[in-house]
2 protein chains.
Amino acid sequence: MMPTPQWARAHTNIALIKYWGKKDPKLMLPANDSLSLTLADFYTDTLVRFRGDCPGDSLTIDGQPVSAGALTKAVRVLDEVRRRAGLTLPAQVISRNHVPTAAGLASSASGLAALAAAAAQAAGLHLTEQELSRIARHGSGSATRSVAGGFVRWYAGTDDASSYALPVAAAPALLQDIRVLAVIFSDQPKAIGSTAGMAQTVATSSYFPAWTERAERDLAALLPALAAGDFPRVGAIAEGNALAMHALTWAARPPFTYFLPATLALVQGIQAWRAAAPVPVYATIDAGPNVKLLTLADHVAAVQEWLADHFPTARVVVTHAGPGIQYYPERKEPR
Amino acid sequence: MMPTPQWARAHTNIALIKYWGKKDPKLMLPANDSLSLTLADFYTDTLVRFRGDCPGDSLTIDGQPVSAGALTKAVRVLDEVRRRAGLTLPAQVISRNHVPTAAGLASSASGLAALAAAAAQAAGLHLTEQELSRIARHGSGSATRSVAGGFVRWYAGTDDASSYALPVAAAPALLQDIRVLAVIFSDQPKAIGSTAGMAQTVATSSYFPAWTERAERDLAALLPALAAGDFPRVGAIAEGNALAMHALTWAARPPFTYFLPATLALVQGIQAWRAAAPVPVYATIDAGPNVKLLTLADHVAAVQEWLADHFPTARVVVTHAGPGIQYYPERKEPR
């Protein structure tokens, strides 16, 4: 018998060591290990019902049917769950995003992680986070890391079974005190989407092979810094890794960048302020123009003040470390 | 007997394939071959007198004694000339820069090339451009390319004798029609000088080995494009090479950039305008925030208009291909 479905909640994450490029697009194996922080305030709630009375898989987000592209990603996750459960029933997927576009954070990570968890639960599968992360990976690379909480490492792996995410040990004070300020310059869709940008970079950037080596070295340096709670070291590694990732796109053919002039102005401003103040604040940037600043709880007010002075029109959202998958009863839709 | 000294004039150049990093700092051997265009309107005039009645080498630029650092570079060039001529006399060097700071172009290339030529002439040496370029190299890497006119290739070489510059064959129409618009955002000294920036990049950038391979490939592609007079191909290769060079600095430890937000805005604006218009205009950037736009004579007015619309506060200077070393009699100081 099928269990009563439950809502599954998964949170977005921000990568400190970036995922940029696949070594196997079919299996969704990334070129390098990556490492992220799961974020508390941005998440997706998803309910899955496997139903014999439906003609095929359906997915609504906030009550609206999704695009064909989004449905395709969801179906890949659902197919993995059905395969493991020996199910053939179509699924009705209801999803609620609590990742405002205004936060400049992609909802695909939380959305496809929540889907993996909700579908597995509805299918009666009892899976570890590690197994769920493998399923989420088939929907979206960054979703692999949104199954677990805190600092999370996605092992690139060499096949479907070995490419999964696990939490990483970090000093408790660091996990408690780390803060992320999302600084939003633009909520316009980017000119080059992540998937296309990654594919172009892997295929044409002169620096791609050197990038994967750099990312592995950065990750090896980051692990002891996390364990020791050495925030300035964590921040410097994350900032360097993000900029090295963005450097790839300048060396692509043709060259491109996700930066806006304001992105560059903020990175340079933060670097200069950090050197002069000194304040422990570091920048990281994903495939888009917005910047996420990493700092510690004691410095949030100073960073907010500096941002208000220097980037008065930017929107700023503050968050902290978030948990892994959470479940809620079907009747009690979570808020 | 020493010949009557003559003024030597050398012009600045702009690299289409960048020189960024030395494989031998002592011999001034660059990590990769580079290729430049000598520019007509920016030059240095230099007169050298070898004099027994002076206590040591002296150098004035526009009547002012230079810094110790600038004198050191000049002395390296003078020593090369004295060594070849079997001279031990000190030199009095008088130099006039016609490279306005406002043009955002370094005067070290023209200055040290003019010095090499003037010193060799004053010492009675009769040297080819190739030999003069070797001497200029000891003063400043980019000076190697300022001895010759038009498109010039600096062969990296493997020792002092094999690291020199020679003109490169180009379609006559291209050499006639190519235009360079220097777009000046800032005439402030850069925060990180070229020599320090290069050294930091070579020592710490994860992408440096890949850069030298990229530069050699770009140069191999540029040569037939120059010979064929294929300007859009020349421009695209130059722009890609410049951005790949600047990508190196984002992957250095710590990461840095010579770009200002306006630099990025102009590169992105030109890329978008070029795709939409279409107008053959391409960007290249040296170690600083200013941009040089490459286009053809027929499009200069359109590019100037576009710049006036989009970057009204930037200064713009237009120039074209310039010649190699020229000499003028001592009594008739060139204007």
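Where does B:Ser146 lie in chain B? I found B:Ser146 in the loop that runs between α3 (129-137) and β8 (151-154) of chain B. For these labels I took helices (H or I, at least four residues) and strands (E, at least two) as DSSP runs, numbered from the N terminus.

A note to myself on the ground rules. This is a predicted model, in which local features need pLDDT of at least 70 and side-chain atom pairs count only at pLDDT 80 or more, while totals for chains, interfaces and linings use all residues. Residues are numbered from 1 along each chain as its sequence is written, chains are lettered from A and ligands numbered from 1 in the order in which they are written, and side-chain values use heavy atoms, with hydrogens and water left out.

**Around B:Ser146**

I looked up accessibility next: B:Ser146 counts as buried because its relative accessibility is 0%. Buried means under 20% relative accessible area, exposed over 50%, partly exposed in between (1.4 Å probe, protein chains only). The side chain of B:Ser146 makes a polar contact of 2.9 Å with that of B:Asn13. I used N or O atoms within 3.5 Å for such a pair; within protein, one must be able to donate a hydrogen and the other to accept it, and residues adjacent in sequence count only if both atoms are side-chain atoms. Leaving out residues up to four places away in sequence, B:Ser146 touches residues including B:Ala10, B:His11, B:Thr12 and B:Ile325. Contact here means heavy atoms within 4.5 Å.

**Helix α3(B)**

I then turned to α3(B), whose buried residues are B:Leu132, B:Ser133, B:Arg134, B:Ile135, B:Ala136 and B:Arg137. They pack against several elements of chain B, among them α1 (68-85), α2 (108-122) and β8.

**Between the chains**

How many residues does the contact take from chain B and from chain A? I noted 26 residues from chain B and 26 residues from chain A. The area buried between them is about 2300 Å², with carbon and sulfur atoms giving 61%; this is the accessible area (1.4 Å probe) that two parts lose on being put together, summed over both.

I counted two salt bridges between chain B and chain A, taking a side-chain nitrogen of Lys or Arg within 4 Å of a carboxyl oxygen of Asp or Glu. A:Arg253 and B:Asp218 meet in a salt bridge (3.3 Å, N to O). On the side of chain B that touches chain A, α6 (208-228), α7 (231-250) and α8 (261-276) each give two or more residues. The largest share, seven residues, comes from α7(B).
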